[in-house]
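Hi,

Here is the structure I promised to pass on. Have a look first, and my notes follow below.

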Amino acid sequence: MYAEIKKLEFDKILRILSTFSQTDIGKKEVLEILPITDVEAIKRLLFEVEEAKIIIERYDETPLTGILDIREIIKKAEIGSVLNIDELLRVVSHQEAIVRTIVFVKKVISLNLNFTNLKDYYDRLVSINALKNEIDKVIDKKGEIYDNASAKLADIRKKIRVTEDRIESKMQSLLKSEASRLTDSLITIRNNRLVLPVKSEFKNAVKGIIHDQSASGETVFIEPISCFEMNNDLSRYFVEEANEIDALLRMLTYKVGEYTVELGNNLQIFTYLDIVFAKAKYALANDFTRPNITKKINLINARHPLIPKDVVVGNNISFHDYHHIIITGPNTGGKTVALKTLGLLSIMVQSGMLIPVNENSETICFNNIFADIGDEQSIEQSLSTFSSHIGNIIRIIEKCGDDSLVLLDEIGSGTDPKEGASLAISIIEYLRRKKLYSMITTHYPELKTYAYDLDNTVNASVEFDIETLKPTYKLKIGVPGTSNAIMIARRLGLMEEICQKAENISLSFATDVSKLIAKLDRQSIELDNELSVLKERNQKLEEEKQKYINLQSQEKIRQNQVLREFEITQKTKQEEYTKKAENLIKELDELKKSAIFKEHELAGLKKSAKDVFYQKTAYKKVSNRDVAIGDTVKVLSYQRNGIINKELKNGQYEVIMGALTLTLKKDEIEFVTKEKPEDIMTNPTSNQADVVRTVKVELDLHGKRYEEAMLELDKFVDDCLLNNLEFAYIVHGIGTGALKKGVESYAKKNPHVKSYRRGNEGEGGVGVTVFQFR
């Protein structure tokens, strides 16, 4: 497809977008993004970005730190060129990023976030942990080769250490014995050999090999003959060490070569995800949304993305049933901005980007996007403004076809007004014969009259505030523009006599059509004012409604807070009572050994004592309204909403609450709302219980007493079921094993627990039990 990338400033958008990318490759590839014409592909791209946006809002962005550019490393490994240590560590970094990504995906799934379109990319990532382990055996995190990377390297380095110690010992001995002949009591290095700094007059007295001398000539650096052989051995060991390290790196390079396909595919996926999340972050930072790709253009509150948010004016760009819009009006009113906004947003959408419009906006997928905007006069080619515009229009006419978007700024300008207007009308006539869309700006009043006579063309204008003498930049579809020259001149102080004369002359020029247009303009303004009043009233009603909803919500929160405080107080009292009861039972057990007790009476006493602990808070009903099948009710003991499914005998009801089906008495439930039959038909999910809060997937029972832990576990499982979680982690630790047994026993008895297992190595091991729910 052809699109005016630079004229519509899409290249500037891409430069901004690249700053949101995390990877070096992503930053480069963002700058190469181009619009496409495949409708299904565009929809998929937009849904992917929207998913990424929601994930960032509710959790976090995908982890991409450590994704380095390893394309050259892959090429080297493919041809067997030995990789250095830094390059191998880049491969390790790549696998570490995959591990972080796997954790990220698990978290996203556990939060029940929409992951449909992006999940396929994560599923196609291939772990190369085996390769990472091979590299980790040889190279540490600091980039050093382990001594035990191979048996041969370990032996060589041992010889190096022994030889270095021997040389060090010998050199220290010579420093003492030859101290009077030395210029300094330090061992130095010359040509990778340990040497002594000997005074020049003693160079023949110290047996050895001269490697260097000082600039002054007063000191010569001598390798003692007694260390010569040892230094030779050390040099040989260093060569052997380098050869062995080279062999290890060659081996690792071969290993990397076995995974080049996986590494290449992973890198492509990470780069793609980087670009998707960059688009999402850009959208979040600027309140962009996803438009629907349909067969019409209806951009609601469209803003130009390069104009600051606190300055830009949003416009409704809607073609309705028209294909061509002609915008008239004075300069600096915003006509060109409206033109650029439509063109730029169209390119962004077809490049898989969200755009600055309100939700439920619609747009079309264009085959080409042409634009002739601004004064492109060329001094080198000696082209005038008119010639420059005509040259562009000739190119556009030759290339434009069906489903193209054509944007023409100040059509026919730069020449005689009559000829320019005639030429503009002729060009528009040609474009109208094609199945394309166009938006055209002009100064010529003749085009306003022309547009009124056409069924697929509509006038438009940008609003001008006569009071402030400033444009409002609001686009008005269906209303042609006016110059307002006489009114502006009057407000600026021009003599009233002159203004009045100008108005009389203007009226003499007016035709019946121009009078009709003026009348329609006045009627349009009146309707706009009425619509504004209605919108203001509607907004006030919405504000009042929201205020009532907020007050209702705050009252519910206050009531629940009071109940929670009461529950905490009761729990403290229960714990005191329980402790007293347990002490009493303990005393009775002691007395039992010396007295005659009936076992069933003792058991009954123990049960009564435990019942004190298991007392639940009694939530009182606020409403005594009768309930019926289909009603939404609050289950008082759970403080959750459910739906009445059946009416049972003895004043009991079957209530569906999330994944639970409960049998409750009438005084255990409270009426909330009545479901309308038509609502049930149109909203099949309406009989699902409201989820009041989001539950974590992990319960920590560390430090809890057995009875308290079992109560918390039971409540936690209820919350998991209400939130439709598939699994949960119960952290009980190791300790005496009592909590672990209690958790497993609970899992066996609870019909909603499908299975349970011990935690894996990365999940906490034997200190954790994982529940899988039905």
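In which hand of crossing does helix 4 pass helix 10? The crossing is left-handed, meaning that the near helix is turned anticlockwise from the far one by less than a right angle (clockwise would be right-handed). Before I go on: this is a predicted model, where local features need pLDDT of at least 70 and side-chain atom pairs count only at pLDDT 80 or more, while totals for chains, interfaces and linings use all residues. Residues are numbered from 1 along each chain as its sequence is written, and side-chain values use heavy atoms, with hydrogens and water left out.

Back to the helices, which are DSSP runs (H or I, at least four residues) numbered from the N terminus. R71, I74, A77 and E78 of helix 4 touch T260, L263, G264 and L267 of helix 10 (contact: heavy atoms within 4.5 Å).

Now the rings. There are 11 aromatic pairs (Phe, Tyr or Trp rings, the six-membered one for Trp, with centres within 6.5 Å). F771 and F773 have ring centres 6.4 Å apart and planes at 80°, so they pair edge-to-face (over 60 degrees). Both F771 and F773 are buried (under 20% relative accessible area, 1.4 Å probe, protein chains only). Elsewhere, Y59, F104, F115 and Y122 form a cluster through ring pairs.

Cheers

Key
Rings of Phe, Tyr and Trp (its six-membered ring) pair if their centres lie within 6.5 Å; planes under 30 degrees apart count as stacked, over 60 as edge-to-face and the rest as tilted. Buried means under 20% relative accessible area, exposed over 50%, partly exposed in between (1.4 Å probe, protein chains only). Helices (H or I, at least four residues) and strands (E, at least two) are DSSP runs, numbered from the N terminus.
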